[in-house]
Amino acid sequence: MATDYDEVRPDVAESRNASLQAVRSANTPDARSVVREMDETDTVDGVELPGADLSAEELIIQVIPQADDEFTCYSCFLVRHRSQIARKKDSHAYCSDCEG
Ligand SMILES: [Zn+2]
């Protein structure tokens, strides 16, 4: 009596078939429905990021005008006290840091 070891045992074949049925019946979205959902998202005012609405936020920067005894260095563009003017060229002043 010869035994065919290549033949799939009946119980194994049955479990394979059962798992295949489970995959087929699983509720997975097919490619077409995914594309449709993406199209619907695009039509709604672009992409909304939850918690990212900063339109109500105001960027508050207090602008302090340059005082009479201050100057803006023409090299580093920092506002410095007039005593730090190291060099003046034309109407531009340069601070002691930039002039060394
Ligand atoms: Zn400077």
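The structure is a predicted model, in which local features need pLDDT of at least 70 and side-chain atom pairs count only at pLDDT 80 or more, while totals for chains, interfaces and linings use all residues. Residues are numbered from 1 along each chain as its sequence is written.

The protein chain contains three helices and four strands, where helices (H or I, at least four residues) and strands (E, at least two) are DSSP runs numbered from the N terminus. Their order from the N terminus is α-α-β-β-β-β-α. Of the 100 residues of the chain, 4% are buried; a residue is buried if 20 or more other C-beta atoms, placed from the backbone, lie within 10 Å of its own, exposed if 12 or fewer, and partly exposed in between. Among contacts (C-beta atoms, placed from the backbone, within 7 Å) with a separation of 6 or more, 3% join residues 24 or more positions apart.

Helix H1 covers residues 10-25, 16 residues in total. From first C-alpha to last, H1 reaches 23 Å, close to the 22 Å expected at 1.5 Å a residue, the expected span being 1.5 Å times one less than the number of residues. The number of buried residues in H1 is zero, so the helix lies largely in the open.

Gln-84 is located in the loop between strand S2 (79-81) and strand S3 (85-89). With 17 other C-beta atoms within 10 Å, Gln-84 is partly exposed. Neighbours within four places in sequence aside, Gln-84 is in contact with Cys-95 and Ser-96. The C-alpha atoms of Gln-84 and Cys-73 are 9.3 Å apart, and the two residues are eleven residues apart in sequence.

Terms used. Two residues are in contact if their C-beta atoms, placed from the backbone, lie within 7 Å.
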